[in-house]
Amino acid sequence: MYMLGSVSFMSKFMMLDAKAPATLGAVVEAVTRLSTLGEAKILELVSAGKIAELFPFKPAGDQPIPPDTMAEDELVEASALPLNRKQRDALIQSSLPVTSRKKHRLVSKG
Amino acid sequence: MTASDALWWDARLGPKHASMAARADRFWSWSVLLPLCHLVQRAKRRYCRPLVIWARTDEGRFLRSGMSVLIEGYPYLEVEHPGGSHFVWFMSAADAGVLATQFGMSHPPALGRVLLDNAIVLSQNAGLAGRIGLHAAAAGGDALLVVYDRCGLTRLPATAALPLSVRWPNDGRFFYADELVAEALAATLDASR
């Protein structure tokens, strides 16, 4: 059902209550369950503040809040044309915050 | 729309909107919604287009003032004319009073119309003739129905059948724009493009 990139994407969530990394299986299961619902039903659940009952996760990440305003030349205008696959993949990836890279221990130089 | 835009909205406007009981989006967390929408639609083999509207403040800089998530290639709501459309799944305009008093934007644009125009133009450019649809969240009450009506959308009769894949009974809160309505709505904003 999902592309390989989506699987990697789904491993980047935290559980709401435990504040621990969500298992990939739990996220896949929640998304699969939500995908059986119509868009209007999901809209109603979100608007009633009940989406956490079906999707108890939040994106992992530690980004600072960006500044309130930007100058005109700093803005990137969205394309009004249909996107190609590469652009769509980039758009999906940009919907999750950047997580800190895990630091690996270096080998001893004796 | 990126994760940064969602984070900003949740942190800076979300708490203000949360206290406004009449707003349909008072419980929305864009940081969760944004990846969630992508995942759910990929599971249905569709794509989302999340967009941000930036508007100019009194000082000439730009501020996020509208957010939306569109679904590309969604079944057109008028079953008598089967085809594709763009579906406006989530759409949120910043409160004009908050923009004026706390972010230095004395004259916010008509954000609802701009958000719908984005969907119409993308639909036109995707070869879908500007056809769009949406569902007005029940949390928005009658006031939200009035908003979409004033924006120029057509309300789907509560007796009308819906495409099977919509998977929701027609509660009388669906709106759409056909080719003619879409073109007329887009034309009214052509001067500002």
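Predicted model: local features only at pLDDT ≥ 70, side-chain atom pairs only at ≥ 80, totals over all residues.
**Leu115(B)**

I then placed Leu115(B) in helix H4 of chain B, which covers residues 111-125.

I listed the contacts of Leu115(B), leaving out its neighbours within four places in sequence: Ile53(B), Gly66(B), Ser68(B), Met91(B) and Ala93(B). I also checked the pair Leu115(B) and Val88(B): 27 residues separate them in sequence, and their C-alpha atoms are 9.0 Å apart.

**Strands S1 and S2 of chain B**

Two of the contacts of Leu115(B) are Ile53(B) and Gly66(B), and I looked up how these two relate to each other. Gly66(B), in S2(B), is the bridge partner of Ile53(B). I noted that S1(B), residues 48-56, and S2(B) run antiparallel and are joined by nine bridges. The hairpin they form has five residues between the strands, and there I found Gly60(B) with a positive phi near 90°.

**The largest nonpolar core**

I looked up which members touch the most others in the largest nonpolar core, a set of 77 residues. They are Leu33(B), Leu70(B), Val88(B) and Trp89(B). Helix H2(B), residues 30-43, supplies the largest share of this core, with eight residues.

**H1 against H2 in chain B**

I next took H2(B) with helix H1(B), residues 3-18. Two packed helices are described by the angle between their axes and the distance between the axes. For H1(B) and H2(B) I noted a crossing at roughly 150°, with the axes coming within 8 Å. On the H1(B) side I listed Ala3(B), Ala6(B), Leu7(B), Trp9(B) and Asp10(B); on the H2(B) side, Trp30(B), Ser31(B) and Leu34(B). I sorted the residues of this contact into six nonpolar, one polar and one charged.

**The A-B interface**

How many residues of chain A are in contact with chain B? I counted 43 in chain A, facing 46 in chain B. The elements of chain A that give two or more residues to this side are helices H1 (4-10), H2 (24-34), H3 (39-47) and H4 (85-93), with strands S2 (57-59) and S3 (69-70). H3(A) gives the most, eight residues. By class I found 25 nonpolar, 11 polar and seven charged residues on the chain A side.

**Chain A overall**

I read the elements of chain A from the N terminus as α-β-α-α-β-β-α, that is, four helices and three strands. I noted that 20% of the 110 residues of chain A count as buried. I also checked contacts in chain A between residues at least 6 apart in sequence, and 65% of them join residues at least 24 apart.

**Confidence**

The model has ipTM 0.95 and pTM 0.92. Chain B averages a pLDDT of 96, and 100% of its residues score at least 70.

Methods
Residues numbered from 1 in each chain as written. Chains lettered and ligands numbered in written order. Core = buried A, V, L, I, M, F, W, Y, C linked by C-beta atoms within 7 Å. Buried ≥ 20, exposed ≤ 12 C-beta atoms within 10 Å, placed from the backbone. Contact = placed C-beta atoms within 7 Å. Nonpolar A, V, L, I, M, F, W, Y, C, P; charged D, E, K, R; others polar. Axes fitted to C-alpha atoms, helices over the stretch in contact; angles between N-to-C directions. Pairing = 2+ DSSP bridges. pLDDT = per-residue confidence, 0-100.
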